Amino acid sequence: MFPIDAKLQRRQMVLASAAACVLPARAATDEYGGDPYRSAQWPEMVKEFLGAKSRVEFDPRVQVKGPALAENPMVVPITVSAAELADIQQIVVLVDRNPIRKVLEFEPLDGTKAAISFRFKLEQASAVRAAVRTRDGVWHVGGTWVESSGGGCTVAGVTRQDGSWSQTLGQVSGRFFGDAIEAPGARLRVRVMHPMDTGLVSGIPAFYLRRMAVTDGGGVELLRLSTYEPISENPVFSFDFKGRPPGPFRVTGVDNNGNRIDGQVI
């Protein structure tokens with residue numbers, strides 16, 4: 001038996017530990033905007049990317065999964081899922097300590113799940129966020145912390161270094177899986193060949209895939225995606241669907257220099 005004081009102290013420690021691991025659903029109220037990571041950048045990020053007057057809640061239903069330590073800061077895998085939320089209109093991924101904080105904007109349309117996997121460049125250890133806007137205008141935010149030695153945004157990619165990027169620019173490849181990994185449905189994995197230059201390497205201007213869309217075999221648009229400089233070289237994206245859309249899938253897009261992307265995944 002613990003003495004009464006020891007019991008109370010132990011309970012307080014357990015509650016504090018649990019609170020540190022869970023993102024509670026709450027509105028922004030303190031100087032950090034209610035941020036569980038207490039990031040000095042977060043209040044300004046809300047104003048810039050989500051809107052100063054927007055309602056923002058930290059919500060455990062928004063799951064962001066990534067490595068505890070990014071061994072290669074140029075290729076950091078992240079998965080975002082908000083399967084328990086309804087009426088989702090947009091997902092925005094942000095990185096507090098990157099020189100370019102916005103990574104992507106994802107719009108899942110009818111039949112597409114609110115889930116996306118991708119890889120991005122990380123400049124230093126940081127919180128990685130997903131802000132999910134529902135039809136009522138509320139932003140639901142989840143996140144994860146990724147440690148890193150850094151430098152991912154300020155180093156040229158492999159194809160830029162060897163010059164091979166110009167031979168493969170805009171090529172599309174992919175694969176369709178009959179069942180999503182974690183739930184019934186289907187998954188599409190797409191790769192687009194592009195150097196995705198951040199503009200932060202001396203002598204190399206920003207050059208990146210800007211917009212992308214996927215349509216099914218009947219011409220129905222399944223999703224829209226806006227991507228920014230921090231997305232990894234030759235980006236790979238995975239999307240989940242509630243059922244199997246008819247193929248083949250058409251992947252279209254454009255980069256910031258006006259080069260068109262147009263490919264097919266059977």
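A: Two strands pair here if DSSP finds at least two bridges between them. Helices (H or I, at least four residues) and strands (E, at least two) are DSSP runs, numbered from the N terminus. Bear in mind that this is a predicted model, in which local features need pLDDT of at least 70, side-chain atom pairs count only at pLDDT 80 or more, and totals for chains, interfaces and linings use all residues. Residues are numbered from 1 along each chain as its sequence is written, and side-chain values use heavy atoms, with hydrogens and water left out.

Let's take strand β6, residues 102-108. On one side of the pairing story is β5 (residues 88-95), which runs antiparallel to β6 and is joined to it by 4 bridges. A hairpin of 6 residues connects β5 to β6, and V92 sits opposite E105 in β6. β6 also pairs with β13 (residues 221-227), again antiparallel, through 5 bridges; here E107 faces R224 in β13. How enclosed is β6? 6 of its 7 residues are buried, so the rest of the structure largely encloses the strand. Buried means under 20% relative accessible area, exposed over 50%, and partly exposed in between (1.4 Å probe, protein chains only).

Look at contacts (heavy atoms within 4.5 Å) between residues at least 6 apart in sequence: 65% of them join residues at least 24 apart.

Now the charges. Side chains of opposite charge can pair when their charged atoms come close. A salt bridge is a side-chain nitrogen of Lys or Arg within 4 Å of a carboxyl oxygen of Asp or Glu, and a search of the whole structure turns up 11. One of them puts D35 and R129 at 2.7 Å, N to O. That pair spans 94 residues, from the loop between α1 (4-21) and α2 (42-51) to strand β8 (residues 126-134), and both D35 and R129 are buried. Another joins R160 and D197 at 2.3 Å, N to O. R160 is in helix α3 (residues 158-162) and D197 in the loop between β11 (186-192) and β12 (209-215), so this bridge ties together parts 37 residues apart in sequence. D197 is buried, at 6% relative accessible area. Shared partners also join D35, D96 and R129 into one network of salt bridges. E44 and K47 meet at 3.6 Å, N to O; both lie in helix α2, 3 residues apart, about one turn of the helix. E44 is partly exposed, at 46%.

One last stop is P248, in the loop between β14 (236-241) and β15 (249-255). P248 is partly exposed, at 33% relative accessibility. Beyond its neighbours within four places in sequence, P248 is in contact with T215, D216, G217, Q264, V265 and I266.
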